[in-house]
Amino acid sequence: MDNKQREALAERVLGLSTADQTEVTIGTESADLTRFTHEEIHQNVARADTGVSVRAIVGLRTGTAATNLLDEESLRATVDRALAIAHLAPEDPELAPLPSGGPTQVPDGAFVKATADASPQLRADMADAIFKVAESNAFWCAGFARTQSAGFTIANSNGARASFDGTDAGINVKMNASDSTGYGQAYSPDATALNARSVAETAAGKAKNSAQPRGVEPGEWTVIMEPAAFGEFFAYLGQHFSAQSVDEGSSFLSDGLDTSYFGENLTVTDDYSNSLAPSMPFDFEGQPKKRLTLIDAGVAKTFVTDSYWAKKLNRENTGHALPAPNAYGPQAIDLVVKPGTKSTEQLISETKRGLLISRFWYIRTVDQKKAIVTGMTRDGTFLIENGKVTGGVRNMRFNQSIIAALGKCEFSNAPQRTGDYWFSLVVPAAKIEGFTFSSGTQF
Amino acid sequence: MSFDDLAARALDTASKRGAEYADLRFEVVRAERIETRNGIVATLSDATSRGYGMRALVGGAWGFAASSDLTQTGVDATAARAVEIAKAGAAIARHRFGAPPPRAYVDSFATPIVRDPDGVPLGDRVALLLAAEKALHVSPKISVGRAWIDLWRTDKTFYSTLGSRIEQSIRQTGSGLEALAVGNGEVQSRTFPGDIGLYKSGGWEIVEEAQLAQNAQRIGEEAQSLLTAEQCPSGTRDIILGGSQVSLQIHESCGHPAELDRVMGWEANFSGVSFLEIAQLDKLKYGSDIVTIRIDNTLPQGMATVGYDDEGTKSGTSDIIRDGMLVGYEMSNDTARTIGRQSNACVRAQSWEFVPMIRMCNLNLLPGDVPFDGLFEGVKDGIYMESNRSWSIDDHRLNFQFGCEIAWEVKNGKRGKLLKNPTYAGMTPQFWNSCDAIADEQSWVAWGTPNCGKGEPMQTGRTAQCASPARFRNVQVGVGYGG
């Protein structure tokens, strides 16, 4: 279903509602993924669906209902169900009117037809190229090649109208040697821009260079996180930029804005138009997204809102709503960390003793307000001695406050896209002093 | 055209295009959620999704395609797509990978329910949550009160070219509470009945059993008390874990590593591999002699109880850990065949859109013979912890660190003062071998997990780990807070 068909469907559903205010969203997705292990494809999947969601508001009461049944009777039943739920819901005195929208500009490169049209053969060719790198190194590999396209249209009774089409492609490779592993990844809206062999060679190089890993003592280390690792780590700060978290007291920003929480090297924006991760220029209520500087040279400047939290806190609606119903509040889902001036190689060469980290695994919050998280290194962790990478080390568990870690940090000059399609990050490699590891492993 | 006819058409199309075997799941999924937050209804939603997912086997390679298009043209295209995908995989296959299931069934199954949720007026559901959530607010320090109910209904029919036709109606229900307290520079959370609520298969009776309103005030008071509680100490202690935390421990340190697809490297690039290697089968002393962990996908009220899995294999029981020894895995048809066994029906898909894969189902730690209070006897200097707050484990499922919401000091067999931010850490086999007491069936609960993530594309599974509280000796505690 293209955007014109979605817009026509949205108008048709909107016309079925007798609520005081109505919002209709249409989401389409076509997602294909080829997953492999031991040089065989073991999962090779494709799915396609179109969903319709209706938010009905009667006075100060709200109900939502959703369906993927697109016949007239089912659409009418979904509208009626949303309306019936709204009539039964208690009043919310702080309910905000639906936004009236506004002009938006879809960033260049968000939709690439070659990705939308990608065949199973394209992904099989990518997998085969990766297999050959594994076989030439006598490793085994696991990973995926995926292509997807998504469309989203919103229309509401207060005049908001917006549509977006986007594509995404990704390759993820883990190379497995006898006592070491290595990781590589690449993401782009354009599947043809991905080089499967290059990603596989990066992963194979890490596996090769981390062979016979040494054990090192836990404790405080200087670490250099490559973008894949830093993105996973930094993502756990994302929730703190939500107005809801700030208001309820669980965000570090609850202690106030215009305060220096981080080192001067850290500047963070929320920017849907970043060329590495171009995404939807409006939120899931149809409100145009603001491009925001959340952290400026270490100083917290603002947080994100949606219509509800903008009204409740008497702030501007920044256009960061999630799909209704949403109990999580608004979210910053296009985070960008400003790069530094040095290459990753230069950051390594300036490190007397430290660890180079390719990737993390299973990061979880230990203490929400202090932003303490724990997690494991994986798939390529290296010792740096006197400015050189001297070999692999066994994996370790860390316990670390993200806020404290970013108090003394510097960044590489080469940002990369990481993260999922609907929650992407653009981050450089990060060098952090005094990063705390609490235990190790035997692998 | 009926769906039986459409399914027959799809299977026929797949066969004509070269599939040596094909199966198809048609599903109608309904999800209802109500969540109240600080006196308002934050979520009141009702979503229905209908579609079908189809597997085709060509030259030992699988293809899967899913669609919500129920026209004859749409069904033909989806069947053709599944075969096309399988052929693309077969073209680069190094060896034959998949095979058809060993047999077919014609049968039906429905979750037993006592009270149909559809008979409970929406207004009554909302009123129950608003009243329970209001009782959480024991002081202004309760910044957020939340209460929620989830109701899921899945009606599905499985068809295969071997002649299977299996019709199932699955009902799953859950509810819970959370109080978030803010003050003294602290943020502390308490949830009930478990850290994510109480989730089981069944109807409205599951919500009634949870007794949200009866426990809300206590939960609010505990959250507030944690703001001024002492920090959990660091060091080595004997610990007693509440039942829902034992459930989480089973889930992360037994359920996931015992997935045979993970053992075989199928999850290596994402959720990792497993220390429970095939060479360790019937040899590894995973836990102490009192530890037996059993799959039972027929268990009444088990969150993952079904008649048949999503490959069309009939549910049953089998052991993963027996008297402390590793004796089995969670298996699919393809993985079981590689170790000379048969599937134990542990294959699930999140919904029609997703390919079936091995999932933890009902995985239960059999109860011991000690009354709950008996766990405290003989503990000179220990800590009792309840309700999971954080969880992390390495990609071999060995090195873990878990945090709980609340704890109490245990001195000379008695529960003492309240402790905040409790954490504990260890290595999986050493930890389970330190288990020296498990509470009896009086405190054994079918704890459900409604949000288990696995696979790419990520699928959310609904699992159960039935458990009672248990005691573990000489465990590292206080990690992450200076320990």
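These legends accompany several views of chain B in a predicted model.

**View 1. Chain B as a whole.** Let's begin with the overall dimensions: the C-alpha trace of chain B spans about 70 × 55 × 35 Å along its principal axes. Its radius of gyration is 24 Å, which agrees with the value near 23 Å that a compact globule of 483 residues would have.

**View 2. Helices, strands and burial in chain B.** If you are counting elements, chain B holds 9 helices and 24 strands. Of the 483 residues in chain B, 64% are buried, with 20 or more other C-beta atoms within 10 Å of their own. Contacts are worth a look here too: among those between residues at least 6 apart in the sequence of chain B, 75% join residues at least 24 apart.

**View 3. The two domains of chain B.** The domain assignment places residues 3–226 of chain B in domain 1 and residues 230–477 in domain 2. Taken over C-alpha atoms, the centres of domain 1 and domain 2 of chain B are 21 Å apart.

**View 4. Where the domains of chain B touch.** Here you can follow the contact between the domains, to which domain 1 of chain B gives 41 residues and domain 2 of chain B gives 38 residues. On the domain 1 side, strand 6 (residues 165–183) of chain B supplies the largest share, 5 residues. By residue type, the side of domain 1 of chain B that touches domain 2 is made up of 16 nonpolar, 16 polar and 9 charged residues.

Key:
Residues numbered from 1 in each chain as written. Chains lettered and ligands numbered in written order. Predicted model: local features only at pLDDT ≥ 70, side-chain atom pairs only at ≥ 80, totals over all residues. Domains from an automatic or database assignment. Contact = placed C-beta atoms within 7 Å. Helix = DSSP H or I, 4+ residues; strand = E, 2+ residues; numbered from the N terminus. Nonpolar A, V, L, I, M, F, W, Y, C, P; charged D, E, K, R; others polar. Rg over C-alpha atoms; globule rule 2.2 N^0.38 Å. Buried ≥ 20, exposed ≤ 12 C-beta atoms within 10 Å, placed from the backbone.
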